[in-house]
Amino acid sequence: MVKVYVVDNGGQWTHREWRTLRDIGVDTKIVPNTASFEEITKDDIDGLVLSGGAPRIAIEGSLGNCGEYLEKAVFPVLGICAGHQFMALFFGGEAKPSKVPEFGKMELTITKQDTIFDGVPKKSIVWLSHNDEVTRLPDDFELLASSENCKAQAMKHNKKPFYGLQFHPEVEHTEYGRQIFENFVKICGK
Amino acid sequence: MFNAEKFIEETIAKIKKDVTSKTLIAFSGGVDSTVCAALINRAIGKQLVTVHVNTGYMRKNESENVKKLMEKMRLNYHFIDASKEFYSALKGVEDPEKKRKIIGEKFIRIFEKVARDEKIEYLVQGTIAPDWIESGDTLRDTIKSHHNVGGLPKDMKLKLVEPLRDLYKDEVRKVARALKLPVSEKQPFPGPGLAVRIIGEATPERTEIVREACDIVEKEIESAVEKGLMEMPWQYFAVLLPVKSVGIHGDRRVYGNVIAVRAVQSIDAMTCAFSKIPDEVMDRISTRITNTLKEKINRVVYDVTNKPPSTVEWE
C-alpha cells in the first residue's frame, strides 16, 4: 500500500486531503507542520502533501517545518495553496498578495500536459480560496496550468517530483480533484 | 473507501472498552446525534441517558418530533424545555460569536446538572469533522465557534466522547442508513438553531418570524422536489435580516424587514454551491412568506453565494 502523509499547515481542507487519500486506498495520516523531517519519515513514506492554511505566505514567508521537508525529501511532494506558494518561495520564486483573489468556483486551463493531469481535460472547474499567489516561478519549475486571474495555478519541478497547485483538488466541487490525487499517488508509487 | 459496517463494529467495540460508567448524550434529533445515540445504546444500553434540550430556537414542531423519535428508539431520555433560559441569556446579544459561545455554555450547564443528579461521568456529542475544523485550534483560524467545540466552557468536567469526529455528513448518513435510522436523510440544522438565522438580537418575537419563514421554505422546496421540479438541496432555510424596506399593502405604505432564502448543494459542507431554484418555486416561497408574515416581512431575497467565499449559515 502506498503511504502518503498530509502535513497540516492549518487549512480548512487538510482533513479533506486525508479523506481523499484514504478513499483512494492510500495509507495516510495527518502530521503537524511542527514535526521534524525525521519524525515524519521514520514510517518510510512514499510521498507528502503540504496542505494549505491561513498563514499569508506573501507576508510571513514561513510555513512550519515545510522548508526542512522540501530540502530533504527524495520522494514526491504536492504543495496545495499555501503549500504551493511556500514551495515557490523556498526554491527562489516569488509569492505576493493577489491583485484579484479567487474564492469559490473558477475555470482552470491546462497549458502543458503532465502526468499529474492525466485524464483531466484542458478546461475544467476548480475551487479556490486564496489571498496570495505565486507571482514568479522559481528557475527550476515550469508552469502547467492557469486561470483567468491567476497565472501560476499549477507548477512542476524540472528535476524533482515536486508539484504545486494553487487550486484545491481535495474538495468535492473541484471536477477532477480525485483524478489529480490518484495521479499523484501513482507518481508516489513509482 | 469508508465502510459503514466496519465503522459500526469498531466504534461499538471501542465504546465498550472506553466508556465504563453512566453516560449522557446531547441529543438534538439530527443525523449526527441520532447515529451516536444508536451506537452507544448498542454498546452500553441502559447506562446511556439521552437529553434533549428545547432551546426555543428549534424549528416548527421539532422538539415534539424529537420526543417521538426518542420514544421510538426506546432511549432512556430527559426532555428539558429551557426556552426561557436561552431567550434571557441571549437578550441584547448581537455578535454571532458571542451568541454561539453563550449557547454552547448554556447547553453544558444543563448537561452538568443532569450529570450531577445522576452521577454521570461521560458526555457524548455528535461532533463531526467540520465542527472542529471550523472552530479553529493552534494551527487553524476560527471560522465560527461550533457550540459543541469552540463553545464548550473551559471549566467543563465531563469527559468527552465523540465517536464521529473524523466523519463528514455523507459518511454519517451512510452509518445512519446501515443502522436503518429514520433520520438518515434529514437536512443539517445548527446546534445554536434559529438564533444564528436571526441577524442581530434573537428575541422571541424575531424567532417566531424566522421559524415561520423557515417552515415555508422547507415545505415549498420539499414539495417542489417531490414534483420533480428541482434537485433536493443539502440545506435550505430562511434568514431574518435586520434591514427594513418600503412596501405596499392594500394601497398603504408598509415598512418591514427582509427575509433571505438560502439553499445550497454540498456533500460534506466544506464546499457548497448555491442551489438553482426554479422561478415558479421561488415565486411561491416569496408570496407565501410575505402574505403569511404580513407587515413584518415585505421583501424576500435569494442568497447566490458559494462557500467559499461565504458559509452556509449567515452567522
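Reply: In chain A, residues 24 or more positions apart account for 73% of the contacts with a separation of 6 or more, two residues being in contact if their C-beta atoms, placed from the backbone, lie within 7 Å. This is a predicted model, in which local features need pLDDT of at least 70 and side-chain atom pairs count only at pLDDT 80 or more, while totals for chains, interfaces and linings use all residues. Residues are numbered from 1 along each chain as its sequence is written, and chains are lettered from A and ligands numbered from 1 in the order in which they are written.

Me: What is the strand order of the open sheet in chain A?

Reply: Strands of a sheet pair through backbone hydrogen bonds, either parallel or antiparallel. Here nine strands form an open sheet in the order 2-1-3-4-9-8-7-5-6, with mixed pairing; strands (E, at least two residues) are DSSP runs numbered from the N terminus, as are helices (H or I, at least four), and two strands pair if DSSP finds at least two bridges between them. Strand 2 (30-32) and strand 6 of chain A stand at the edges with a single partner strand each, so one side of each lacks a neighbour in the sheet.

Me: Which strand is joined to strand 5 of chain A by two bridges?

Reply: Strand 7 (residues 141-146) of chain A is, and the two run antiparallel. A:Thr109 stands opposite A:Ser146 in strand 7 of chain A.

Me: What are the spans of the C-alpha trace of chain A along its principal axes?

Reply: They are about 40 × 35 × 30 Å.
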